[in-house]
Amino acid sequence: QVQLVESGGGLVQAGGSLRLSCTASGSIFSMHFMGWYRQAPGKQRELVARVSSGGSPNYADSVKGRFTVSRDNAKNTGFLQMNSLKPEDTAVYYCNAEGNSYRGTYYNTWGQGTQVTVSS
């Protein structure tokens, strides 16, 4: 079983920055992707950014040039650096990780979510 613990959300003014962290623990043999999703009130959960085990990132068009996703494979930790935040970035941000456990089973695990609120 794999667990994810997130931190770093909060309230920030438009134009400000926040850094989210996500640490995975448990039976982790490999972690193919670690990513961040967000869900605003009344909207579906959407991909923000994710990074492969080799470090290749993918971003939603809405955050390109403002957000940076990264990971520390040795510590099973991922980060989302969010700059130039906009009110429309307000949402609950969820960490996600997928890979294989030491038992050979596939996992796709979610964190508990952290609130990011950007005031105008």
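Which residue's side chain meets E46 in a salt bridge? Hi everyone, let's start there. The partner is R38, and the N to O distance is 2.8 Å. Before going on, please keep in mind that this is a predicted model.

Let's stay with R38 for a moment. Is R38 buried or exposed? R38 counts as buried, because its relative accessibility is 6%, and the buried class is under 20%.

D89 forms a salt bridge with R38, and here the closest N and O atoms are 3.0 Å apart. This pair links distant parts of the chain: R38 belongs to strand β4, D89 lies in the loop between β8 and β9, and 51 residues separate them. Both D89 and R38 are buried. If you step back, R38, E46 and D89 belong to a network of salt bridges that also takes in R66.

How many salt bridges does the structure hold? There are five. One of them joins the side chains of D61 and K64, with 3.1 Å from N to O. D61 counts as exposed, because its relative accessibility is 65% and the exposed class is over 50%.

Now to the nonpolar side of things. The largest nonpolar core has 29 residues. Those with the most contacts inside this core are W36, V48, F67, L80, M82 and Y93. Which elements give two or more residues to the core? They are β1, β3, β4, β5, β7, β8, β9 and β11.

Leaving aside residues up to four places away in sequence, V48 touches W36, F67, L80 and Y93, among others. Also on the list of V48 contacts are Y37, N58, Y59, A60 and V63.

Next, a sheet. Four strands form an open sheet, in the order β1-β3-β8-β7, with antiparallel pairing. Why is one side of β1 and of β7 left without a neighbour in the sheet? Because β1 and β7 stand at the edges, and each has a single partner strand. From one strand to the next, the twist averages 15°.

Inside that sheet, let's zoom in on β3 and β8. These two run antiparallel and are joined by six bridges. To find your way on screen, pick R19: its bridge partner in β8 is Q81.

As a reminder, most residues other than glycine have a negative phi. Where is N76? N76 sits in the loop between β7, which spans 67-72, and β8, which spans 77-82. The phi of N76 is near 50°, a positive value in a residue other than glycine. N76 counts as partly exposed, at 25% relative accessibility.

S84 is the other one. S84 is found in the loop between β8 and β9, where β9 covers 91-100. The phi of S84 is likewise positive, near 50°. S84 counts as partly exposed, with a relative accessibility of 39%.

So, to close where we opened: R38 is buried, and its side chain meets E46 in a salt bridge, while D89 forms a salt bridge with R38 as well.

Key:
Residues are numbered from 1 along each chain as its sequence is written. This is a predicted model: local features need pLDDT of at least 70, side-chain atom pairs count only at pLDDT 80 or more; totals for chains, interfaces and linings use all residues. Side-chain values use heavy atoms; hydrogens and water are left out. Buried means under 20% relative accessible area, exposed over 50%, partly exposed in between (1.4 Å probe, protein chains only). A nonpolar core is a set of buried Ala, Val, Leu, Ile, Met, Phe, Trp, Tyr and Cys residues joined through side-chain atoms within 4.5 Å. Contact means heavy atoms within 4.5 Å. Two strands pair if DSSP finds at least two bridges between them. Axes are lines fitted to C-alpha atoms, for helices over the stretch in contact, and angles run from 0 to 180 degrees between N-to-C directions. A salt bridge is a side-chain nitrogen of Lys or Arg within 4 Å of a carboxyl oxygen of Asp or Glu.
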